Amino acid sequence: MRTPTRRFAVLFLACALAAPAVALADEIDQLQRAIDDHPDDPKGYDTYATAAIGKGQFDEAIARLKLGVARIPDFARAYYLLGVASRNKQAWSDAAVYYRAYTALRPKESDAYFGLAKALAGMRENRSAIAAFQQYVELEKRDDKQRFVEIACGEITKLRGATGGAAAGPGARLKAEADGQREAGRLDEAIASYKRAIEADPCSADLLNDLGIAYYQQKRFPEAATSFKGATAKDGTHADAWFNLGNAQRKAQRWSDAVDAYKSYIRLKPEDPQPFYAMAQALKASGDSSSAASSFRKYLDMEHRPEQAKTVEKAKGELAQLEAALAPPPPSPPPPPPPTATTTTSRPPAPSGKVGFDE
């Protein structure tokens with residue numbers, strides 16, 4: 001984020017330990033005097049508040065910033081820093097007020113929505129926090145801030161889980177429409193609807209997984225893999241998306257990627273035998289017969305459901321072929337004994353009249 005967060009404060013303090021405390025106090029005093037000398041200069045308040053927040057002097061920063069907003073019209077940056085300082089104090093309601101004041105003055109800037117969402121979550125205002133995080137995700141397009149977008153999406157997932165009524169995202173209606181289209185076999189329409197739903201709710205791992213299924217049913221395996229991978233990026237615990245990603249990568253003949261995806265699913269659902277069969281197929285196709293055989297054995301050890309009897313028989317046949325190919329060759333037969341000595345008969349001399357070679 002552009003302005004100091006708690007992490008920034010920790011880094012600042014770590015650096016400060018290397019300098020004498022007196023020097024830091026002198027620096028703060030100089031910044032205070034700069035404000036006194038130029039009380040209508042917003043940069044002085046900004047510099048002082050940033051340093052004070054970095055030192056953990058939140059009350060001092062808040063006091064000076066309040067003077068700044070009283071003197072300087074539309075001092076937007078001050079409201080942002082007031083939100084930061086108040087949130088560091090866990091004064092959640094004050095932080096929310098200041099962040100809202102900033103967004104009223106700078107509605108297209110993303111950072112304050114993240115801080116506002118954190119403050120609202122601290123107040124247990126989960127629905128409002130979800131809306132603020134969604135606003136942040138919608139606005140934040142900078143490449144170097146995408147990790148914060150992923151953090152915001154993770155927070156949305158947690159807040160929805162804690163708030164039953166807020167569990168459904170804004171793309172719920174479009175999802176229902178897309179599900180019906182997919183079930184009716186109208187896959188092109190379903191894909192378009194899922195994409196609109198994702199635009200409305202970009203943090204939804206479920207929607208990305210659903211889009212991947214529609215692509216998979218069209219045998220568009222690379223596109224399916226991209227969607228499933230997006231779902232796992234949004235929610236690393238989305239087991240179905242990991243399994244689906246493995247299947248899509250296997251169909252796209254990306255064997256090692258398929259194996260990695262199946263392993264991620266197994267970490268989440270270790271009791272499910274199904275991925276061991278699928279992973280064995282990928283390992284076999286990649287030429288790793290030994291690992292494929294081990295995966296087939298694991299599947300056969302775990303799979304006892306009657307409805308999977310045909311798959312079990314197929315796995316047994318596949319395993320038998322692999323084991324036969326992996327078995328060492330039989331020992332070579334001993335060499336035959338040397339032939340016994342035989343009496344040779346001398347060739348009769350050439351008939352007379354034929355010229356010899358050495359004549």
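I will begin with the overall picture and then turn to some of the salt bridges.

Please keep in mind throughout that what you see is a predicted model. As for its overall make-up, the protein has 18 helices and zero strands, and of its 359 residues, 41% count as buried. The accessible surface comes to about 20,300 Å², and 54% of that surface belongs to carbon and sulfur atoms. If we take the contacts between residues at least 6 apart in sequence, 51% of them join residues that are at least 24 apart.

Now to the charged side chains. In general, side chains of opposite charge can pair when their charged atoms come close. How many salt bridges does a search of the whole structure find? The search finds 21, and I have picked out a few of them to discuss.

Let me start with Asp-111 and Arg-142, whose side chains meet in a salt bridge at 3.0 Å, N to O. This pair links distant parts of the chain, since Asp-111 is in helix H7, residues 111–122, while Arg-142 is in the loop between helix H8 (126–139) and helix H9 (146–162), with 31 residues separating the two. Is Asp-111 buried or exposed? Asp-111 is buried, with a relative accessible area of 2%, whereas Arg-142 counts as partly exposed at 27%.

Glu-177 counts as partly exposed at 32% relative accessibility, while Arg-173, at 60%, is exposed.

Glu-177 also forms a salt bridge with Arg-196, and here the closest N and O atoms are 3.4 Å apart. Arg-196 lies in helix H11, residues 187–200, and Glu-177 in helix H10, so this pair ties together parts that are 19 residues apart in sequence. Arg-196 is itself partly exposed, with a relative accessible area of 39%.

Finally, I would point you to a network of salt bridges, in which Lys-175, Asp-179, Arg-182 and Asp-210 are linked.

That is where I will stop, and I am happy to go back to any of these pairs on the screen.

Notes. Residues are numbered from 1 along each chain as its sequence is written. This is a predicted model: local features need pLDDT of at least 70, side-chain atom pairs count only at pLDDT 80 or more; totals for chains, interfaces and linings use all residues. Side-chain values use heavy atoms; hydrogens and water are left out. Helices (H or I, at least four residues) and strands (E, at least two) are DSSP runs, numbered from the N terminus. Buried means under 20% relative accessible area, exposed over 50%, partly exposed in between (1.4 Å probe, protein chains only). Contact means heavy atoms within 4.5 Å. Accessible areas come from the Shrake-Rupley method with a 1.4 Å probe; for residues, only the protein chains shown count as cover. A salt bridge is a side-chain nitrogen of Lys or Arg within 4 Å of a carboxyl oxygen of Asp or Glu.
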